Amino acid sequence: MTQNVSAQTIEIEACYISDGHNFLGHHGKEPGQNLAIKCESVQCKAGQGLVGDRFFGYKSDYKGQITFLEREQIGVLEKELQLTDINPAKFRRNIITYGIDLNTLIGRTFALGALRFQGVEECRPCYWMDYAVAEGAEKFLRGKGGLRARILSDGALTPGSYELEIIS
């Protein structure tokens, strides 16, 4: 039997997928033109990723089957770089959250509603972030670039409120 270490309500503000890479494999070249598409829902497949996303079935046990980014960090970045209304799609993360410090989920098994995930590591920003968002974005997002996770159960995520349960 699993023990609930912690539970809280968080918001999923938006869900995104992209069917192609803009930056992976483009070092020394121009980025690709594949849009991150905002979706009404994303279909999670255990051990595979998000149906229709560029990383679906990418590698066995891939660490970034799904990626998360805090909406709060986008707001702080806007203030820091004196920007307005950054489109979250520019970050190319799958799930935009509100109300959770994603770094606390690194190394943890957690559930959003009935879906289970394993938080693996920070989704570290790279130099492309300055190109995609604005000069200074990579440096600002170090240590707060989001969460890479493995998907442990099948189901759908949609924008809305979720009970976040830390399982282990």
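## The main core

The largest nonpolar core here has 25 residues, and the ones with the most contacts inside it are Ile66, Phe68, Phe110, Leu112, Phe117 and Leu157. A nonpolar core means a set of buried Ala, Val, Leu, Ile, Met, Phe, Trp, Tyr and Cys residues joined through side-chain atoms within 4.5 Å. Buried is under 20% relative accessible area, exposed is over 50%, and partly exposed sits in between (1.4 Å probe, protein chains only). At least two residues of this core come from each of strands S1 (6-17), S3, S5 (66-70), S7, S8, S9 (147-151) and S11. S1 gives the largest share, four residues. Apart from this core lies another, of 17 residues, with Ala14, Val133, Ala137 and Phe140 among them.

Keep in mind that this is a predicted model: local features need pLDDT of at least 70, side-chain atom pairs count only at pLDDT 80 or more, and totals for chains, interfaces and linings use all residues. Residues are numbered from 1 along each chain as its sequence is written, and side-chain values use heavy atoms, with hydrogens and water left out.

Phe68 is worth a click. Setting aside neighbours within four places in sequence, Phe68 is in contact (heavy atoms within 4.5 Å) with Arg93, Ile95, Thr97, Leu102, Phe110, Leu112, Phe117, Gly145, Gly146, Leu147 and Ala149. As a general matter, nonpolar side chains in soluble globular proteins tend to be buried together.

## The chain as a whole

The chain holds three helices and eleven strands. These are DSSP runs numbered from the N terminus: helices are H or I with at least four residues, strands are E with at least two. Read from the N terminus, the elements go β-β-β-β-β-α-β-β-β-α-α-β-β-β.

Of the 168 residues in the chain, 49% are buried. Among contacts between residues at least 6 apart in sequence, 76% join residues at least 24 apart. The chain exposes about 8600 Å², with carbon and sulfur atoms supplying 49% of that (Shrake-Rupley method, 1.4 Å probe; for residues, only the protein chains shown count as cover).

## Around S7

Strand S7 (residues 109-112) is where Ala111 lies. Both faces of S7 are covered: Thr109 and Ala111 on one side, and Phe110 and Leu112 on the other, are all buried. Four bridges join S7 to S8 (residues 115-122), and the two run antiparallel; strands count as paired if DSSP finds at least two bridges between them. Thr109 has Gln118 as its bridge partner in S8. S7 and S8 form a hairpin with two residues between them, and Gly113 in the turn has a positive phi of about 60 degrees.

S7 also pairs with S11 (residues 160-166), antiparallel again, over three bridges. Phe110 stands opposite Ile166 there. Ala111 has a relative accessible area of 3%, so this residue counts as buried. Beyond its neighbours within four places in sequence, Ala111 is in contact with Arg116, Glu163, Leu164, Glu165 and Ile167. Ala111 and Glu165 are 54 residues apart in sequence but 5.1 Å apart in space, C-alpha to C-alpha.

## A three-stranded sheet

Elsewhere, an open sheet of three strands has the order S4-S3-S10, with antiparallel pairing. Its edge strands are S4 (49-50) and S10 (155-157), each pairing on one side only. S3 (residues 42-45) is joined to S4 by two bridges, and Cys44 stands opposite Leu50 in S4.
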